[in-house]
Amino acid sequence: MNFLKNNNHKSDRKAAETPIRMKIILGVIFILFAMLIGQLAYLQLIYGSRFHSEVQKSDDTVVTSAVPRGIMYDDKGRVLVGNKANNAITYTKGSSVTSKQIYNISTALSQYITISNETPTDLQLAAYYLGNSSNYAKEYAKLPKSQKYDSDGNELSNSKVYSTLEKQVIKEKKHYTSRQKTAALIFNKISGAYSLSTIYIKNQNLTDKEVALVGEHLSDLPGVGIGTDWERTYPNGSSIKTIIGSVSSEKAGLPSENLQYYLAQGYSRNDRVGTSYLEKEYEALLKGTKTESKLTTKSNGTVTQTKTVYKGQAGASLILTLDSKYQAKVQKKLKSVYSSALSAGAAHYSSGAFAIAMDPNTGAIKAVAGLDHDVKTNKVTDDALGVINQSFVMGSVVKGAQVAGGLINKVITPSSNTLPDTPIYLPGTPVKKSVYPVGTFSSLDAETALEVSSNIYMMQLTLRWLNAKYTPKTYIHMPTDAFDILRRNFAMFGLGQKTGIDLPGEISGIEGKTHNSSGQLLSGSVLDESYGNYDAYTPIQLAQYISTIANGGYRMQPYLVQSVGQTNSSGTKVSINYSKTPNVQFRIPWTSSELNVIKTGMYRVVHGTNAWGTAHTLKDVKPSISGKTGTAQTFYYDASASKKKNSSSDPIELINATFVGFAPSSKPKLAVVVVFPGLDPNLEGTYTLQVAKEMVEDYFKLNKYAEN
């Protein structure tokens, strides 16, 4: 009984203790809640207004926009490349714009503008259609469960579902009005824009009415604005673009191959940049300094205000060495003469034609023209850049450099330079001779060799220069560095070397093989090299070469940009900040009497009396011309023909016809180069001389020069 009594007392104590513990726990919880409520009340009463302002406050972000590119002028101040200002509808994208907002803006804006020069794709139309939430819901409802959920019953990703919906809408072939098509294009442009970037919705053919309508409704079009865009213009003809180069479109933006470089330089992805030639070479100057604007955005990312804080500065102006009027005449003459060569059948397999005019004393390019001929279609297009990125075996025009090498290395002298005009007979190969019949001359001096373009003289000179051992029809031995010796000499004049002209893409030419598969020196090819029938050079290298002879031995770096400046706001004056200083790359180590041998020979090429003179048709040109003609054997090979049955794949033998010259003969102020590659050897004609004649006469007429 006592045990029962004791046990009952313990139960009573437990029953009494439990409510006390619960009360303590509940009391602690109550105190914590009270403290939390007190803190919330404190924050609400004391800091509530501050938090409210934080939520409502706006952020300021600085964004940039492009300025007009620099203008390019010719050497007389005429505009070669300018800018045309166009009104534009712009859009600055907020930091968190939804598809629904983009849809609403696109639909609203399509009421005021029309985009007729672009056609939306089916995918763009579908994306716009689905931008409407009700349309999205309707299309989603049509989807079977298998296209909403996976095999485990889990919802598919939004991207997969959306892609399915796009295909479904396209398949339904819905009808869209012209306004909806415009809205779809706008939707696509805005959707593809980066946050806080400004894009052009319409920047071409924008009418005054469209500008007025958009301007009236800007308050209903968040992010939309009216601005100005620029496009390149070519007042003196667009053919100059083959030298000037191109600028990317806003749609193309930065070139993918140089994307990281441009982004590191502060460009935006949709910025337009120079993609070729002068536009690319001088991009850093032409781009200018961007306009900076401060964007004010709400916490939801909506742009509320745009304020210009820096107007930016237009790109620098380039004053080129080209004379636009002379350039036009050279282009016209080259096209005309080449057309006549095509009509006569002489240029059927020709790849084109090229002409360069250069100031031999400075390296300034006065005109450059080029044509590309598609043998398959017979289509002829402008290709002035062929003068730096195409090379040809040029033939006898380089003989002046070969004679110079003989004189400088004392193989011959100004007073003793007569060599036998005996052909070279190598075992197992055709005789190596000149164009004229064997035996026409028993011997020739250097001046006459240039006048009649003797291949034999150059080969005989080479044998002596290289101390070659030669027995006709039996044996010839040359030093292993024979090619190096001749090529170093040609390189002094710029042949086979990049000239350093201020254009990207220049090549150095092509060097022929020096040894056969057995490791033996190609001695016969060394002889071909001596008179310009082996290595290939670019037309610009010929211009540098003949200029070096014309100016007395200074190899001048060719250039197209002579000064850089800034055009004033009215476009009437250019303030020059930098002017090019002519650059002498090398000085030929000859004496005046050695130089005179070469100049006399080149004068006689035009004005001599020998019946085998090659450019006598130019003797009446005023001022007088000195120069050198050239022809070189080449071939046309149709790779596609060899794949066809019953067709001949044999290469067609052709010639490259060339001319280099300078005028006036006594005090040269102009050097000219004309190259007609791939002519029919039976219809060679005088095409290069016809172009050269006009180039000289037109230049001095425009520059009002009278020879003393």
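Analyst: This is a predicted model. A place to begin is a polar pair: the backbone oxygen of Thr413 lies 3.1 Å from a polar atom of the Asn417 side chain.

User: What makes that pair of Thr413 and Asn417 a polar contact?

Analyst: The cut-off for a pair of N or O atoms is 3.5 Å. The distance between the Thr413 backbone oxygen and the polar side-chain atom of Asn417 is 3.1 Å, so the pair is within the limit.

User: Where does Asn417 lie, and why is Asn417 called buried or exposed?

Analyst: Asn417 is in the loop that runs between helix H14 (399-408) and strand E13 (419-420). Its relative accessibility is 5%, and buried means under 20%, so Asn417 counts as buried. Beyond its neighbours within four places in sequence, Asn417 is in contact with Ile412, Leu444, Asp445, Ala446, Glu447, Tyr457 and Val597.

User: How do you know whether Ala347 is buried or exposed?

Analyst: The relative accessible area of Ala347 is 0%. Ala347 is found in the loop between helix H12 (324-343) and strand E9 (352-358).

User: Which residues does Ala347 touch, not counting those up to four places away in sequence?

Analyst: They are Tyr338, Ala341, Leu342, His373 and Leu679. His373 is 26 residues from Ala347 in sequence, and their C-alpha atoms are 9.0 Å apart.

User: Which residues of helix H2 are buried, and what do they pack against?

Analyst: In H2 (residues 99-109) the buried residues are Ile102, Tyr103, Ile105, Ser106, Ala108 and Leu109. They pack against H3, helices H6 (178-191) and H7 (208-216), and strands E3 (79-92), E4 (198-202) and E5 (224-233).

User: Which residues touch the most other members of the largest nonpolar core?

Analyst: That core has 90 residues, and Leu278, Met478, Leu542, Tyr545 and Ile549 touch the most other members. Another core, of 37 residues, lies apart from it and includes Phe659, Leu679, Tyr687 and Ala692.

Terms used. Residues are numbered from 1 along each chain as its sequence is written. This is a predicted model: local features need pLDDT of at least 70, side-chain atom pairs count only at pLDDT 80 or more; totals for chains, interfaces and linings use all residues. Side-chain values use heavy atoms; hydrogens and water are left out. Helices (H or I, at least four residues) and strands (E, at least two) are DSSP runs, numbered from the N terminus. Buried means under 20% relative accessible area, exposed over 50%, partly exposed in between (1.4 Å probe, protein chains only). A polar contact is a pair of N or O atoms within 3.5 Å; within protein, one must be able to donate a hydrogen and the other to accept it, and residues adjacent in sequence count only if both atoms are side-chain atoms. Contact means heavy atoms within 4.5 Å. A nonpolar core is a set of buried Ala, Val, Leu, Ile, Met, Phe, Trp, Tyr and Cys residues joined through side-chain atoms within 4.5 Å.
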